[in-house]
Amino acid sequence: MKALVLTDYNQFDLQDVPEPKPAPNEVLIRVQAVGICGSDVHGMDGSTGRRIPPIVMGHEASGIIAEIGDDVRDWAVGDRVTFDSTVYKLDDWYSRRGMYNLSDGREVVGVSTPQFHRNGAFAEFVTVPQHILYAIPEGVSFTQAALVEPVAVALHALSLTPIQVNDSAVVVGAGMIGLFVIQALKLAGCGQIIAIDLDDDRLALAQKLGATHIFRADSDNVPGQVQALTHGRGADVAFEVVGIGPTVQTAISCVRKGATVTLVGNLSPKIEIPLQAIVTQQLRLQGSCAINGEYEAALSLIASGRINVEAILSAEAPLTEGADWFNRLQAKEKGLIKVVLKP
């Protein structure tokens, strides 16, 4: 089969590789659409340590079941499916307690670390365990289904965050996940949704998708502007969807005392935090890791049109052009947010 292989950092080759064979509890999926995730773009240069070459990346995908393993039940060849990005064991201590995203020995499709290597969906075929499969609802396209994973990431972040109707929320970072967080906050009934970013086009899109106010991150006194909108207190909750020191600081500085700041982005392995401000204002900082059962809700929201995934789609292209699109995304080409490849 054809596969787009990261053969070395910043080097892709379209190769003929052996077609994977499903284990007894796995299915073989003929990939129909696969999204280029920001984590793939940041991983291709080695900076994250989570895409060690050679690796076939790609964890946001959809397709058609082409073959099933001997122990697979309730799935059949020809079924339209998508799948969670996390591969976990059902009998793990965390999985049994409803936290499979934290399971010991968890793997991620299309990721390679010193601990594990699991090829992904930038290929004609990919194998995944049956227990991470989800049926694509009627009326949802393969392209839409390839964007379910980032929607579910956004929903998971909201599920961890105490939000009440008419709360004010700050979202720092109006990239793909941030734009889905904004849409989810609107559905949750937030009264004010404040988007902060450096890109005017993304801020405009954030406003179109539900942000009530937008601020450039480099404008004067952003925390003061947020306070002016929130009775001088600051926002009730904040979501940081970038993962670097300055944006985390922005999120912390924009919330009221007693607020919750949910950290979704993780570009930087380490950052500095304003400890005294966190302690004296009794802020709650928490991480949000991947997905933990939000796939069905994400699919339903996409199928009903309550979450708009097409709005963030920049381009659809053949897998043969994958290397070029990676380079364009890495260069932060203006107007590019999400690219979906078609093997």
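# A guided tour of the predicted chain

Welcome! Start with the charges: the protein chain has 27 positive and 38 negative ones, and their mean positions are 5 Å apart. Lys and Arg count as positive here, Asp and Glu as negative, while His and the chain ends are not counted; each charge is placed at NZ of Lys, CZ of Arg, CG of Asp or CD of Glu. Before you go on, note that this is a predicted model, in which local features need pLDDT of at least 70 and side-chain atom pairs count only at pLDDT 80 or more, while totals for chains, interfaces and linings use all residues. Residues are numbered from 1 along each chain as its sequence is written, and side-chain values use heavy atoms, with hydrogens and water left out.

**Stop 1: the whole chain**

Show the chain as a cartoon. Along its principal axes, the C-alpha trace spans about 60 × 40 × 40 Å. The radius of gyration is 20 Å, which agrees with the value near 20 Å for a compact globule of 343 residues. That radius is taken over C-alpha atoms, and the globule rule is 2.2 Å times the number of residues to the power 0.38.

Switch to a surface view next. The accessible surface comes to about 14,900 Å², and 49% of it belongs to carbon and sulfur atoms; the areas come from the Shrake-Rupley method with a 1.4 Å probe, and for residues only the protein chains shown count as cover. Of the 343 residues, 51% are buried. On this tour, buried means under 20% relative accessible area, exposed means over 50%, and partly exposed is in between (1.4 Å probe, protein chains only).

How many of the contacts between residues at least 6 apart in sequence join residues at least 24 apart? The share is 69%, where contact means heavy atoms within 4.5 Å.

**Stop 2: the loop between S2 and S3**

Select Pro-20, found in the loop between S2 and S3. Pro-20 is partly exposed, at 21% relative accessible area. Phe-125 is 105 residues away in sequence, yet the two C-alpha atoms are 7.2 Å apart. Setting aside neighbours within four places in sequence, Pro-20 contacts Met-1, Leu-28, Phe-125, Val-126 and Thr-127.

Now move to Asn-25, in this loop between strand S2 (11-16) and strand S3 (26-35). Asn-25 is partly exposed too, with 33% relative accessible area. Beyond residues up to four places away in sequence, Asn-25 touches Asp-71, Val-72, Pro-129 and Gln-130. Asp-70 is 45 residues from Asn-25 in sequence, with 6.9 Å between their C-alpha atoms.

**Stop 3: a cis peptide bond**

Zoom in on Pro-53 and Pro-54. The peptide bond from Pro-53 to Pro-54 is cis, with omega near -5 degrees. Pro-54 sits in the loop between helix H1 (38-43) and strand S4 (60-68).

**Stop 4: helix H8 and its cover**

Select residues 245-253, which form helix H8; Thr-247, Val-248, Thr-250, Ala-251 and Ile-252 are buried there. What covers the buried residues of H8? The cover includes strand S12 (168-172), strand S13 (192-197), strand S15 (235-240), S16, helix H9 (275-280) and strand S17 (284-287).

From that cover, pick out S16 (residues 255-263) and select Lys-257 within it. Is Lys-257 buried or exposed? With 63% relative accessibility, Lys-257 counts as exposed. Leaving out neighbours within four places in sequence, Lys-257 is in contact with Gln-281 and Leu-283. Ala-277 is 20 residues from Lys-257 in sequence and 9.4 Å away, C-alpha to C-alpha.

**Stop 5: two positive phi angles**

Go to Gln-282, in the loop between H9 and S17. Gln-282 has a positive phi of about 50 degrees, although it is not a glycine. This residue counts as exposed, at 65% relative accessibility.

Then select Ala-290, in the loop between S17 and helix H10 (295-304). Its phi is near 55 degrees, a positive value in a residue other than glycine.

**Last stop: the cysteines**

How many disulfides does the structure hold? There are 0, a disulfide being a pair of cysteine sulfur atoms within 2.5 Å. Cys-190 is buried, at 11% relative accessibility. Cys-289 is in no disulfide either, as the nearest cysteine sulfur, that of Cys-37, is 13 Å away. Cys-289 is partly exposed, with a relative accessible area of 29%.

Key. Helices (H or I, at least four residues) and strands (E, at least two) are DSSP runs, numbered from the N terminus.
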